[in-house]
Amino acid sequence: MAAQTESLPIQRPSEDEQVFIASQWKLIWWRFIRHRVAMASTVVVLLFYFVALFPEFLAIHDPRQEFATRTFIPPQGIHFFDGFTPQMPYVYGLKGERNPETLGMEWVTDEETRHTINYFVRGHEYKLFGFIETNWHFMGLNVDTSTEPQPFYPLGTDRMGRDMFSRMMYGTRVSMSIGLVGVALNIFLGSMLGGLSGLRGGLTDAIIQRIIEFVRAIPTIPLWLALSAAVPRDWSIIRVYFAITIIISLIEWTRLAREVRGRFLAMREEDFVLAARLYGTNEIRIVFRHMLPSFLSHIIAATTLAIPGIIIAETSLSFLGLGLREPAISWGVLLQEAQTLQAVAEASWLLLPGVFVLIAVMALNFMGDGLRDAADPYAIREG
C-alpha cells in the first residue's frame, strides 16, 4: 500500500524573516515609513502638488481680476459655529467705511449679514489642464446675479483688489513646478557629466572638474542677476519661465556631479562595469544603464533636497524683479507687493506667500532627510 503523503501548510515568513528576503526598494520603503516626520512632510508636499495641479478649480475668483473698490480687504474668518451650535461654514459680510482723518478705506465686519459657503459651485470660466473648458470651483459663496462677485477673500486682497487666496493657488503651480523642472535638468547634467568624469578619468575628468570649480567659484547672486538681466523684457511668460529654470540649474547641477563622480571612481573597477566594457557597451549606456541604478536611491534623496534651493532661488529672483514678472503669478511675484514697509504695515497678509515658501521648503527638507536616511537600508541606526 502506497504511503499517503500529507500536504503541509505553507507557512508565511515572519517579520524578521521578511527583512532577509525583501528587496532593497522594499527595505527603503519600510525604513522611510518609520520616519514619522518625513511621512508627515510627504503628506504636506503632496498637498502642495495637488494644489499645483488644480489651482483653477481651487481658486475662488479670477486671480487677475481687479476691483478698485476692494483694495486691501483683510482676510475674512470662516465660521463653523453660531455660539455653540454647529452651522454650515459661513462668513460675515463686509462694509467699507472711509476714515475721516486718513481718508483711507477701512473694512469692518457686518455681523448682520451672513454668506453661506457652498462647495462645487460655478464661477469664472477657465481651462483645466489647458484644454478642458469648465467653470466649476471647489468653493464659493451664494450665486450672485450682480456684475461683481460677492466678496469672499479668506486671505484678503492686494492693492489692486485681487483675491490673494486665488493668486496663492496659481502661484503654487509655478513655484512648485519650477523646482521639478530644475531638478530634472540637475539630474541630467549632474549624472551625465559626473558619470563621465568618474568613469573615464584622465583628461576628461580634469576638464569637467575645472568647469565645476569655475562655476562654483562665481558668486551665485551676481551670476543670477547678470543672467536674469540678459533675458529680454518682451519674452512671453513661458519663455521667461524656462529661461529662469535654466539659469538656476546652471549652478545646482555641480553638487550632484561631484557626488556621482565620487561614487563612480569607486565603482568603475567593479566586475559588472569591466564586463560591460569587454562586451563593447558604450560609456553613456554604462553610466545610465548599469552604474546609476546601483545608487539611484541616493540620487533621489539628493535631488529631493535640491528642490527647496531652486524654489528659494526663483522666489528671490522674482522678488527682486529679475525673475518672473507680471502677469505671471508665483510666490516671488506675490511677495513683490510686500516690498515696502507701508504696504506691510497696512496689509500684513501680503507676507503670506513667504509663509507658504517656508512651509514648502521645510517639508521638502524633512522629506529629503527621511529619504537620505532610508536610502541605505543596511546602515545601523543609532538611538
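Strand β2 (residues 85-98) and strand β3 (residues 105-116) run antiparallel and are joined by nine bridges. Strands here are DSSP runs of E of at least two residues, and helices are runs of H or I of at least four, both numbered from the N terminus. Two strands pair if DSSP finds at least two bridges between them. Across this pairing, Val-91 stands opposite His-115 in β3. Gly-93 faces Asp-110 of β3.

This is a predicted model, in which local features need pLDDT of at least 70 and side-chain atom pairs count only at pLDDT 80 or more, while totals for chains, interfaces and linings use all residues. Residues are numbered from 1 along each chain as its sequence is written, and side-chain values use heavy atoms, with hydrogens and water left out.

Strand β2 also pairs with β1 (residues 79-82), again antiparallel, through three bridges. Asp-82 has Thr-85 of β2 as its bridge partner. Two residues lie between the strands of this hairpin, and Gly-83 takes a positive phi near 75 degrees. The three strands form an open sheet in the order β1-β2-β3, with antiparallel pairing. β1 and β3 stand at the edges with a single partner strand each, so one side of each has no neighbour in the sheet. From one strand to the next, the twist averages 55 degrees. Axes are lines fitted to C-alpha atoms, for helices over the stretch in contact, and angles run from 0 to 180 degrees between N-to-C directions.

Now the helices. The axes of α3 (residues 36-53) and α14 (residues 352-374) come within 8 Å and cross at roughly 135 degrees. That makes α3 oblique to α14. Angles under 35 degrees count as roughly parallel, over 145 as roughly antiparallel, 65 to 115 as roughly perpendicular, and the rest as oblique. From α3, the contact includes Val-37, Val-44, Val-45 and Phe-48; from α14, it includes Phe-356, Ile-359, Leu-364 and Met-367. Contact means heavy atoms within 4.5 Å. The residues of this contact divide into twelve nonpolar, three polar and no charged. Ala, Val, Leu, Ile, Met, Phe, Trp, Tyr, Cys and Pro count as nonpolar, Asp, Glu, Lys and Arg as charged, and the others, Gly among them, as polar.

Next come some single residues. Arg-162 lies in the loop between β5 (132-140) and α5 (164-200). Arg-162 counts as buried, at 7% relative accessibility. Buried means under 20% relative accessible area, exposed over 50%, and partly exposed in between (1.4 Å probe, protein chains only). Leaving aside neighbours within four places in sequence, the contacts of Arg-162 include Arg-64, Glu-66, Arg-167, Glu-326 and Glu-337. Glu-326 is joined to Pro-327 by a cis peptide bond, with omega about 10 degrees. Pro-327 sits in the loop between α11 (296-319) and α12 (331-335).

Most residues other than glycine have a negative phi, and most peptide bonds are trans. Phe-120, in strand β4 (residues 118-128), has a positive phi near 55 degrees. Phe-120 is exposed, with a relative accessible area of 52%. Beyond neighbours within four places in sequence, Phe-120 is in contact with Phe-57, Trp-136, His-137, Phe-138 and Met-139. Phe-57 is 63 residues from Phe-120 in sequence, and their C-alpha atoms are 9.1 Å apart. Phe-72 has a positive phi near 55 degrees. Phe-72 lies in the loop between α4 (55-58) and β1, and counts as partly exposed at 22% relative accessibility.
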